There are 2 protein chains.
Amino acid sequence: MNRVDVVVVGGGLAGLAAARELVAAGKDVVVLEARNRVGGRTMGGVLSNGVPVEMGGQWVGPTQDVVLELIEELGLETFPSYDDGDALMFVDGQGVRHASPTFGLPERTAAELARLSGLMEELATTVSVESPWTTKEAEELDRQTLDGWLTSNTDNDLARRFFRVLVPALFSAEAPELSFLHFLFYLKSGTSLETLLNTTGGAQESRVVGGTHRISEQMAVELGDRVRLEAVVRTIRQDVDGVTVEFEGGEIACERVVVAVPQTLAGRIRYVPPLPSARDAVTQQMPAGSVIKFQVGYARPFWRIEGLNGSVLSLDDAFNVVLDNSPEDGSCGVLVGFLEGRHARVSVDLSPEERRELVVSALVKFFGPEAAQPFDVVEQDWNNEEFTRGCYGGRLGAGVWTQYGEALSAPVDRIHWAGAETSTIWNGYMDGAVRSGRRAASEILTHG
Amino acid sequence: MNRVDVVVVGGGLAGLAAARELVAAGKDVVVLEARNRVGGRTMGGVLSNGVPVEMGGQWVGPTQDVVLELIEELGLETFPSYDDGDALMFVDGQGVRHASPTFGLPERTAAELARLSGLMEELATTVSVESPWTTKEAEELDRQTLDGWLTSNTDNDLARRFFRVLVPALFSAEAPELSFLHFLFYLKSGTSLETLLNTTGGAQESRVVGGTHRISEQMAVELGDRVRLEAVVRTIRQDVDGVTVEFEGGEIACERVVVAVPQTLAGRIRYVPPLPSARDAVTQQMPAGSVIKFQVGYARPFWRIEGLNGSVLSLDDAFNVVLDNSPEDGSCGVLVGFLEGRHARVSVDLSPEERRELVVSALVKFFGPEAAQPFDVVEQDWNNEEFTRGCYGGRLGAGVWTQYGEALSAPVDRIHWAGAETSTIWNGYMDGAVRSGRRAASEILTHG
């Protein structure tokens, strides 16, 4: 049987970043990827006019230093997301143009949102991102859902509705599905709520020329035939002598394994001996969010002419988060938008044509009749991908951090865990994925 | 390749009940069970003096008509759980003897508990057990956790603490981990909160002579070599012609499959083609509870002499739910008790000796010095069982019923779902397991 130093399960950003570090340190490494491509939750797409679009994770921004540095190292380039002009907010049948952090909401609601955000940010400062379960008021914060906290902390109906749309935009899950402690952890992990929400100066600031999947593809080129595609890992056996990783079609022996797949998929591998119950429970309790992503191509970015930046938030519509995703040269117009959380779950029962109609009619409402004639609409339903089963990432419901947090990334003998969900910094983001892979590699290298 | 009409995955009560119905209707059936025993979450144990004890599900009671009838059909017998005398309640360092539904709590707290229970029962009447997501106020009820509802509905600290102990006793999970809609569904599914909690007249009323695992063993005897042990199912492939079930060591072709394992384990099987995303999401969002069960044997049931029925509820201790589990003839004394939810999760890190000490010292506190000298203590940690991964059953957190409920038991082409968690009546109980198996069998027989 083939024997290497380390087998990495999963050829997304985390797994490839781990492999890259290990190879740089002289280790013999194999990456087993279940699909016929690398990149995991990043994936390249192309509109009918040849313009590349991102079907998965697509933005990078300030303080995401690790992924930004990696992009540069790999010879890739970034360019700023389009962010000139006014954004649109739709609420109760009214559309409002705005260029402010108040989202164009009535003054009283804007003030209430500022108060609530302030409270959240203040509480977030108390959270330990390294070990959220040790946070001073961890029990009390983790006992509540984000929705429960909102209900207890504001009577402003519009403010509640606003957050109940904002939460799926960040987590592709609904506010009751999230522990309030997890929400606060996530804010701090990604710097602040403002950073998470912003384009310029925030998490949506920049894009990668050609698409973010190129980060993984470049790493895979470097790794060469160490990366094996269409290798579906089913069983990981370990004993005192080493590990055997069994995949459909073969097996490889090694010293150590990095499992770099979403937690819910990590639980689908059989481990012999079985994992400790706390670690197994993590895989039972970190479900993935739900999102269908759309890229809608137009002959030109016509909204810019009217001074709009293409950004929409709607409290009235299922298709309720839109951004300008046109190519850097503006040679055509592209709007990117999402069905998230509940809206994604409901709309999987529609036909592709019905979903297209839903999306295009929302864009006509937002931007006027020119939006009715896209030259192409492409969609990506991440929940239907067997080897993803949901995006943007895994979330923790009430009570999970405080009862199972410690087991999330602690190695189990020869098995090390990576993936965006295991990162303390930029958890759930591409930057966090790369960090997690490097952390796992470092655990192995430190061990010797 | 071997070909049968139906393959049943899982040899617990649900799977065996399904197989029994199908065989009775003339179908050719194979049951594939991963372990080297049938019975699933029921399991026989024995104390060092030869007295049999139940290591898993153990009680049956009124309105559990289906399992009671099955027990009789199989030639097994039941006997009443011991329930004569006073129960004990421990709170804030005080022990109180009581023989009342007020649990010996202060009058004001007892009145508040009665008010809260009344509210819960009233709300439970509005729930549709067939389709909880169609319940009139489903959205609002499912948005809240049980803990959130308690926090909003009472300021009585002791009443909150009481429910926060009672909930793990029923679900082996903590109050924030449960949707309030799920809790109400569960009450109605099992008749009422009072029924769930009571011994005489309730869910703990009777035991099976020799242990409840005998129900499965008797069914397995009837099924003969149709039941194959140590067959770990890994992949279910279906197409227009039929299904192939691949297990470690072989494969079987069939017309239809019944998957009768806990939801969290159902998700660990690979399905080709992949399951629809909603069905997959169910398996991501129905984590199992946490419980370590203890059977403690004494020379005699000494507590009875003092007029105690052996029942304890403690708000102060980790080992906080105890019942008399002596053999019918009282030839020795047995106390059964549990570490549930958080307490189970914390105490897996202790050594077996430390857990034994924790349990015995709690029993000495409850019942006096004679409790210090058990002749045997046996424990069963269900979360460490690879082919269970938690008991008593799977639970639904906030938002799951309303977003995914429909996918819980709807067949996916040739695949039918069974297991206690898929039952509308006595969900999570042995009776529900048998009902679910019969329902799956009936789906197949109706189909032809």
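**Close-up views of a predicted two-chain model**

**View 1. Helices α3(B) and α5(B) cross in a right-handed sense.** A crossing counts as right-handed if the near helix is turned clockwise from the far one by less than a right angle, and as left-handed if anticlockwise. This is a predicted model, in which local features need pLDDT of at least 70, side-chain atom pairs count only at pLDDT 80 or more, and totals for chains, interfaces and linings use all residues. Residues are numbered from 1 along each chain as its sequence is written, chains are lettered from A and ligands numbered from 1 in the order in which they are written, and side-chain values use heavy atoms, without hydrogens and water. The axes of α3 (residues 107–125) and α5 (residues 146–153) of chain B come within 12 Å and cross at roughly 125 degrees; axes are lines fitted to C-alpha atoms over the stretch in contact, with angles from 0 to 180 degrees between N-to-C directions. The two helices are therefore oblique to each other (under 35 degrees is roughly parallel, over 145 roughly antiparallel, 65 to 115 roughly perpendicular, and the rest oblique). Helices here are DSSP runs of H or I with at least four residues, strands are E runs of at least two, and both are numbered from the N terminus.

**View 2. Side chains bring α3(B) and α5(B) into contact.** From α3(B), look for B:Glu112, B:Arg115, B:Leu116, B:Leu119, B:Met120 and B:Leu123, which meet B:Leu146, B:Trp149, B:Leu150 and B:Asn153 of α5(B). Contact means heavy atoms within 4.5 Å.

View 3. Find A:Glu33 between β2 (29–32) and β3 (44–46) of chain A. A polar atom of the A:Glu33 side chain lies 2.9 Å from the backbone nitrogen of A:Arg35. Beyond neighbours within four places in sequence, A:Glu33 touches residues including A:Gly10, A:Arg228 and A:Ala231.

**View 4. Two cis peptide bonds are shown in chain A.** One runs from A:Val272 to A:Pro273, with omega near 0 degrees, and A:Pro273 is in the loop between β13 (270–272) and α11 (277–284). The other joins A:Cys391 and A:Tyr392, with omega about -5 degrees.

**View 5. A:Asp413 and B:Arg389 have positive phi.** Phi is near 55 degrees for A:Asp413, which is exposed at 58% relative accessible area. For B:Arg389, phi is near 65 degrees, and this residue is buried at 3%.

Terms used. Polar contact = N/O pair within 3.5 Å; in protein donor to acceptor, adjacent residues only side chain to side chain. Buried < 20%, exposed > 50% of the residue type's maximum accessible area, 1.4 Å probe, protein only.
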